[in-house]
Amino acid sequence: MQNTYTWIAAYWDERVLREEDAPQGFVDVDQEQIKSVALLTAENKLVYCVDIPEQAHAIFFRRRSRVLNLTDPDNVQFGQTVHCIGWEHNESAVYLFVLANGITLLTNDLQAI
Amino acid sequence: MSAATVQAQAGTGSSVSWANAEGGATFNLADSLTDTTTPISVPTATGTVFSWIKNFSLAVTGTGTTTMSNRTVKMSGSATTGLALFFKDVAQASYAQAASGNRPSSSGSNGATPAGYTSMTTSAQQWDNTSHSTGSTGPNGDICVVVMSVDNTYSGGPGTAIALPSIVLSYDEQ
């Protein structure tokens, strides 16, 4: 499955960790050292970036959907994949949602999309 | 890191059998995704009646090295007046085959919500936030049990293909 974007984490010591180099995925990110998390296009172009505040927990996920078509069973529908980067800290959070068509939403509501 | 392949599935049978539900589902009075011979009667006076339950799950069909969490459900659009969908979270270990015994009781009021269920809307509502690895195939996380209701305000007439909004099951993969 080809994802529209992949993530890259930048650390304070100028190291970076790319998604393709993280065998366990985003859990491989060193949360103590992370400075920012960004999304790269398939052409390795950095398009979206979120700075991570001190002591905040960096976030990345892909929100995927499966559709149960109750109207036209012959029309199988597929939900789009939405990428999200951001951070959480106690009761505060920032989520940058990026739709497949490039539309973005910056919010503190995890269920906004 | 490799993403998992996930499919929305429906569980039927006494010892549950999971099958692809993305081709559609018919709400009826049967333990079946497709049965059209056991219709739900439209109330002829004020009141709400419910379908038999449907057990839905997000199932891993192709394993990955990721985890899934934040499972939500919503309708793709508003339902016709008099029709509604409801859901509740049930652990896999507590699966119950759809039967007359677990069909929600009818209500003497229009627009009733069955006990223990949450009204489904066009906004995503979480039914299970537990994080599970996608490293094995099969249902991932809890079951989303769904029922449909029809009340006396429904004026669409009888039929075997009464349209409902699509049900969208979403999850976060990381």
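The structure is a predicted model, in which local features need pLDDT of at least 70 and side-chain atom pairs count only at pLDDT 80 or more, while totals for chains, interfaces and linings use all residues. Residues are numbered from 1 along each chain as its sequence is written, chains are lettered from A and ligands numbered from 1 in the order in which they are written, and side-chain values use heavy atoms, with hydrogens and water left out.

A pair of aromatic rings is described by the distance of the centres and the angle of the planes. Rings of Phe, Tyr and Trp (its six-membered ring) were paired if their centres lie within 6.5 Å, with planes under 30 degrees apart counted as stacked, over 60 as edge-to-face and the rest as tilted. The count by this rule is eight aromatic pairs over all chains. In one of them, A:Tyr5 and A:Tyr48, the ring centres are 5.9 Å apart and the planes stand at 80 degrees, so the pair is edge-to-face. This pair links distant parts of the chain, since A:Tyr5 belongs to the segment before β1 (6-11) of chain A and A:Tyr48 to strand β4 (residues 46-51) of chain A, 43 residues apart; helices (H or I, at least four residues) and strands (E, at least two) are DSSP runs, numbered from the N terminus. With buried defined as under 20% relative accessible area, exposed as over 50% and partly exposed as in between (1.4 Å probe, protein chains only), A:Tyr5 is buried at a relative accessible area of 8%, and A:Tyr48 is buried at 18%.

Another pair is formed by A:Phe61 and A:Phe97, whose ring centres are 6.2 Å apart and whose planes are at 65 degrees, so this pair is also edge-to-face. Because A:Phe61 lies in strand β5 (residues 57-68) of chain A and A:Phe97 in strand β7 (residues 92-98) of chain A, the pair ties together parts that are 36 residues apart in sequence. A:Phe61 is buried, with a relative accessible area of 4%, and A:Phe97 is buried, with a value of 0%.

The size of an interface is often given as the accessible area lost when the parts come together. Here contact means heavy atoms within 4.5 Å, and the contact takes 23 residues from chain A and 32 residues from chain B. Buried area, the accessible area (1.4 Å probe) that two parts lose on being put together, summed over both, is about 2400 Å² between chain A and chain B, with 51% of it on carbon and sulfur atoms. Of the area that chain A buries against chain B, 35% is supplied by A:Arg66, A:Leu68 and A:Leu70, more than by any other three residues.

Pockets and cavities were defined on a 1 Å grid over the protein atoms alone: a cavity is a set of points where a 1.4 Å probe fits but cannot get out, a pocket is an open set with protein on both sides within 12 Å along at least five of seven lines, and lining residues have an atom within 4 Å of a point. Grid points are joined across faces, edges and corners, and a volume is the space filled by probe spheres set on the points. The largest pocket has a volume of about 600 Å³, and of its 32 lining residues B:Thr26, B:Phe27, B:Thr160, B:Ala161 and B:Ile162 lie nearest its centre. With Ala, Val, Leu, Ile, Met, Phe, Trp, Tyr, Cys and Pro counted as nonpolar, Asp, Glu, Lys and Arg as charged, and the others, Gly among them, as polar, this lining of the largest pocket divides into 17 nonpolar, 14 polar and one charged.

The second largest pocket holds about 210 Å³ of space and is lined by 13 residues, of which A:Ser65, A:Gln80, A:Ile113, B:Lys74 and B:Ser170 lie nearest its centre. Two or more residues of this lining come from each of β5 of chain A and β5 (67-75) and β12 (167-173) of chain B, and β5(A) gives the most, with three residues.

One cavity of 30 Å³ or more was counted, and the largest cavity has a volume of about 40 Å³. β1(B) gives the most to the lining of the largest cavity, with three residues.

Finally, A:Gln55, in the loop between β4 and β5 of chain A, has a positive phi of about 70 degrees although it is not a glycine, and A:Gln55 is exposed at a relative accessible area of 65%. A:Asn90, in the loop between β6 (82-89) and β7 of chain A, has a positive phi of about 55 degrees although it is not a glycine, and A:Asn90 counts as exposed at 69% relative accessibility.
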